[in-house]
Amino acid sequence: MGMKSEIEAALHAHTLWRTHFKDFLNGKAAFDIDSISATDQCEFGKWLDHEGHRMIPSSLHDEICRVHKEFHLIAAGIIQKIKEKRFAEAKADIAQDGALNQASMHLRDLLLKLSLREPGAAATAAPAAQAEGAATPQGEEAPAVQNAEG
């Protein structure tokens, strides 16, 4: 598998995790609470630690790891806020312009930047960006955190 397809798979894994997390917050899916803050338990984190470590230049890999960790810490913080019944704060974190989406977009942008480094990838990077963006369409409502049990 080439770097471009590896990055697309990583973007897809990240999108699936976000979707599953939002389904969990809406009470539509189960989630292993203990693994939320762990960066090596999701498919993207596993890829980042192994194939990504091998493929990505060290300085960019370090930045991607930092943003990925931040993303998971924000997600864990959301669960903590829900447990403490701080629903308004949790809802703000998962809003379209909230901390979770901001970290997610930063991570996505870093991966797209990486995909553009590969010769010939510029022409096909845009569809990957559009596919990732489809996971958070404009006007998406924040999950009903009041109904989420952590």
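Reader: Let's start with W17: is it buried or exposed, and what is its relative accessible area?
Author: First, this is a predicted model, where local features need pLDDT of at least 70, side-chain atom pairs count only at pLDDT 80 or more, and totals for chains, interfaces and linings use all residues. Residues are numbered from 1 along each chain as its sequence is written, and side-chain values use heavy atoms, leaving out hydrogens and water. Buried means under 20% relative accessible area, exposed means over 50%, and partly exposed lies in between (1.4 Å probe, protein chains only). W17 is buried, since its relative accessible area is 12%.

Reader: How many aromatic pairs turn up in the whole structure?
Author: Rings of Phe, Tyr and Trp (its six-membered ring) pair if their centres lie within 6.5 Å; planes under 30 degrees apart are stacked, over 60 edge-to-face, and the rest tilted. Searching the whole structure gives a count of four.

Reader: And what is the angle between the planes of W17 and F21?
Author: These two sit four residues apart in helix α1, so about one helical turn separates them. F21 is buried too, with a relative accessible area of 0%. Their rings form a stacked pair, 5.3 Å centre to centre, and the angle between the planes is 10°.

Reader: Which residues form one aromatic cluster?
Author: The W17 and F21 pair belongs to it.

Reader: How are α1 and α3 oriented to each other?
Author: Helices are DSSP runs (H or I, at least four residues; strands are E, at least two), numbered from the N terminus. Helix α1 covers residues 3–25 and α3 covers 58–83; their axes lie 12 Å apart at an angle of about 5°. Axes are lines fitted to C-alpha atoms, for helices over the stretch in contact, with angles from 0 to 180 degrees between N-to-C directions. Under 35 degrees counts as roughly parallel, over 145 as roughly antiparallel, 65 to 115 as roughly perpendicular and the rest as oblique, so α1 and α3 are roughly parallel.

Reader: How many disulfides are there?
Author: A disulfide here is a pair of cysteine sulfur atoms within 2.5 Å. C42 is buried at 8% relative accessible area, while C65 is partly exposed at 24%. The number of disulfides found across the whole structure is zero.

Reader: Which residue other than glycine has a positive phi near 60°?
Author: Most residues other than glycine have a negative phi. Look in the loop between α3 and α4 (87–94), where K85 is found. This residue is exposed, with a relative accessible area of 61%. The one with phi near 60° is K85.
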